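The following note is intended for a colleague who is meeting this structure for the first time. Please read the numbered points alongside the sequence and the model.

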Amino acid sequence: MKKIVIIGAGPAGLTAADTLLKENNGEYSVTVLEESETVGGISRTVQYNGNRMDIGGHRFFSKDERVMKWWKERLPVQGSPSFDDKKLGREKQLASGGPDPDKKDNVFLVRNRISRIYFLGKFFDYPISLKPQTFINMGLKRTLKSGFSYAGSLVHKREEKSLEDLYINHFGRTLYSMFFEGYTEKLWGRHPSKIDPSWGRQRVKGISVTEVVKNALGKVTGKDKSKETSLIEEFIYPKFGPGQLWEKVAGDIQKNGAQLINGARVIGVNESESCISQVTYEKGGEKVTLDADIVLSTMPVKDLVEAMEFDVPDDIQRIAKGLPYRDFVTVGVLVDRLNLKNETDIKTLGNIVPDCWIYVQDTGVKLGRIQIFNNWSPYLVKDAENTVWIGLEYFCTEGDSFWNMTDSECIELAVNELVKMGVIQSKSDVLDSHREKVKKAYPAYFDTYDEMDKLRDYLNTFGNLYCIGRNGQHRYNNMDHSMATAFEAVDAIVNNKEDKSAIWNVNTEQEYHEKK
């Protein structure tokens, strides 16, 4: 049997293990090494005092039919996104601990996709819509200035040398300054003029004011054919958060013969005849070396190269060492109410604002986004009818002053920002709180990133090494893209394909996932 070692039990690693075992026919022995004591990576779900936190928020939607099929085969889809009176009453019953008449726990719920921008003390749709309220919120002067600015961007296209150039070409300078500049700098810790445009091409493919107009007209005429992920209005979501799915998959692969080792930190990688021959991990102070015929790595590329116990060219070491990341802190805050009115026509449990995320453009606070867990699923909240459980998302760098704050210091800062923004009235509204820190959550697109192709070419010289997932490729992929890299890698393994370009090309082309 071929010995397959998979580094990492996040979406890419678990998808690869599951798919390989289905293609097994007795050919593969699969071992998954996971550094933490949980599975799911940043798609895990954290439980705290009866409430659940989704780390970063994960909408389950993809244009890749393989991914959608794979998800639905593991958790069936139940319900509809609309909160009619009957459904609202049922969710009240469930949120209060009443019996579930369907008694189905392993299901996807269908949810409304609602995210808005909180700017100038007002809500704006994200992406920006052409609703009358948008223009009322902006005011006549800003609206006219935005229109002329966008018209100018259509006539005079900038050479896209930076993320700033890309955003201005898509939205015009005024809208860019209002809705992208400050938030992007919060996220990356760099001004958009210093960031490679590749990230923007992945995150706003095809999205522009023109696309927004087409989308709005399509809804009026009933001919809305938008394929842009940022414009979808529904998504599916595991009843108890994304970790529920990945915990189920982890259990399934073990039932099917895989060995999953938690608490296993990979510290060494060795090679023989241009192949990775051994992987060494440390667990509980003990070092264990595994022989490997095939290795799939989702660990950060920087760490993978550092773990190589053989001669690596100096230039490759330099590039890998210089790859930057942004780290992530989320503060869960339980309150009895929000100081934000639901002025939409969307019914919600407790009549709270209907947003999944609220993007915070205000540069006067460090806070980047607010998750309202009640709206992702009422089952994430112990008492979803009488309390609101929110996640405050901060972007930072491991070792900086924010990262090094104590839990109490960080929570105090976060609560003070909520009061400053008017999201809650006072500190006394807070009933409970919890902080989670995530290292290397976001592969960044600056420093040595522009030499990533050299590093990729070097890694591809090892015929049995497949780099997959967000950190495995140092690419800010969504969960479905990470899974797609796993599908492509398994296809290459099963069919003995030497060319790995399909694995690395996931989510790099403008038309990727646009075909039916």
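This is a predicted model: local features need pLDDT of at least 70, side-chain atom pairs count only at pLDDT 80 or more; totals for chains, interfaces and linings use all residues.

Which residue forms a salt bridge with Glu-488?

1. The partner of Glu-488 is Arg-66, and the closest N and O atoms of the pair are 3.3 Å apart. A salt bridge here is a side-chain nitrogen of Lys or Arg within 4 Å of a carboxyl oxygen of Asp or Glu. Because Glu-488 belongs to helix H16 (residues 479–494) and Arg-66 to helix H2 (residues 65–74), the pair ties together parts that are 422 residues apart in sequence. Glu-488 counts as buried at 19% relative accessibility, while Arg-66, at 35%, counts as partly exposed. Buried means under 20% relative accessible area, exposed means over 50%, and partly exposed lies in between (1.4 Å probe, protein chains only).

2. Residues are numbered from 1 along each chain as its sequence is written, and side-chain values use heavy atoms, with hydrogens and water left out.

3. On confidence: pLDDT, the predictor's confidence in each residue on a scale from 0 to 100, averages 89 over the protein, and 88% of the residues score at least 70. Two segments call for caution. pLDDT stays under 50 over residues 95–99, which have 10 contacts beyond four places in sequence in the model. It also stays under 50 over residues 510–516, with 19 such contacts. A contact means heavy atoms within 4.5 Å.

4. On the overall fold: the protein has 17 helices and 20 strands. These are DSSP runs numbered from the N terminus, with helices (H or I) of at least four residues and strands (E) of at least two. Of the 516 residues, 58% are buried. Among contacts between residues at least 6 apart in sequence, 73% join residues at least 24 apart.

5. Asp-407 is partly exposed at 44% relative accessibility, whereas Arg-435 is buried at 9%. Lys-497 forms a salt bridge with Asp-491, the closest N and O atoms being 2.4 Å apart. A network of salt bridges links Asp-18, Lys-69, Glu-73 and Arg-74.

6. On helix H11 (residues 314–322): Ile-316, Ile-319 and Ala-320 are buried there. Seen down the axis of H11, the buried residues fall within an arc of 95°, so they line one face of the helix. The arc is that of the directions from the helix axis to the C-beta atoms. What covers these buried residues includes helix H10 (301–307) and helix H14 (452–459). The face turned away from the buried side carries the exposed residues Asp-314 and Lys-321.

7. On the surface: Leu-140, Leu-144 and Phe-148 form a nonpolar patch with about 380 Å² of accessible area together. Nonpolar patches join side chains of Val, Leu, Ile, Met, Phe, Trp or Tyr within 5 Å, from residues with over 30% relative accessible area and no salt bridge. Accessible areas come from the Shrake-Rupley method with a 1.4 Å probe; for residues, only the protein chains shown count as cover. Phe-148 lies in helix H4 (residues 132–155) and counts as exposed at 65% relative accessibility.

Notes: Patches are made of residues with over 30% relative accessible area and no salt bridge: like charges are joined within 9 Å, nonpolar side chains (Val, Leu, Ile, Met, Phe, Trp, Tyr) within 5 Å.
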